[in-house]
Amino acid sequence: FICSANSNLQRIHQVVEKMAEAYGDSITIDDTMDGRVRHAFPAPAQLAEATEGDLRRLGLGFRAPYVAKATRMVLEGRLDLEQLTRVPYPDAAARLMECPGIGPKIADCISVFSLEKLEAFPIDVWVRRALGEWYFPGQKTPTDRVLREWAQGRFGRYAGYAQQYLFHGRRLRK
């Protein structure tokens, strides 16, 4: 999710694929892939082989040092992702944001999509637009912090699911 900061879906997909091809294990898949080789996303130990320059060459740009630092934190045990699945969402999000390059949106993405924190509510441009248009029409859209608190109050423990519907619905109106 660090790779997704200030990016679009196509670019995120390209960067993740390049990282997998460069550092991930190859995956043998049956005939459904027409003989194409795919690669798994690299484990932290594999990704640690990459220098910041290597990551920049793969297209990570300003995100490269953040990915490198997060990888080191995981390998050194300073960022225990498994342990974060067992703590409350606010604690997990706060711990994630101690990692360089992880702010509220990325912490919420990691929380809802990777740590089973379904109350997390990532806010990007699409979700902000959806909330502004559909829930706060004719008003100045509140700050992301206020929107997050509002959404968690409105949608409760499954706010992350609501976020996905809002994201998809707003993108369809594009």
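## Aromatic contacts and a helix crossing

Phe-136 counts as buried, at 12% relative accessibility (buried is under 20% relative accessible area, exposed over 50% and partly exposed in between, with a 1.4 Å probe and protein chains only). The model is predicted: local features need pLDDT of at least 70 and side-chain atom pairs pLDDT 80 or more, while totals for chains, interfaces and linings use all residues. Residues are numbered from 1 along each chain as its sequence is written, and side-chain values use heavy atoms, without hydrogens and water.

There are seven aromatic pairs (ring centres within 6.5 Å, using the six-membered ring of Trp; planes under 30 degrees apart are stacked, over 60 edge-to-face, the rest tilted). Phe-1 and Phe-113 are stacked, 5.7 Å centre to centre with 20° between the planes. Phe-1 precedes α1 and Phe-113 belongs to helix α7, so this pair joins parts 112 residues apart in sequence (helices are DSSP runs of H or I, at least four residues, numbered from the N terminus). Phe-136 and Trp-150 are edge-to-face, with centres 5.2 Å apart and planes at 65°.

| Residue | Relative accessibility | Class |
|---|---|---|
| Phe-1 | 40% | partly exposed |
| Phe-113 | 39% | partly exposed |
| Trp-150 | 24% | partly exposed |

Ring pairs also link Phe-121, Tyr-135, Phe-136, Trp-150 and Phe-155 into a cluster.

Helices α8 (residues 125–135) and α10 (residues 159–172) pack at about 85°, with axes 8 Å apart (axes are fitted to C-alpha atoms over the stretch in contact, and angles run from 0 to 180 degrees between N-to-C directions). Their contact includes Trp-126 of α8 and Arg-171 of α10 (heavy atoms within 4.5 Å).

Key: Helix = DSSP H or I, 4+ residues; strand = E, 2+ residues; numbered from the N terminus.
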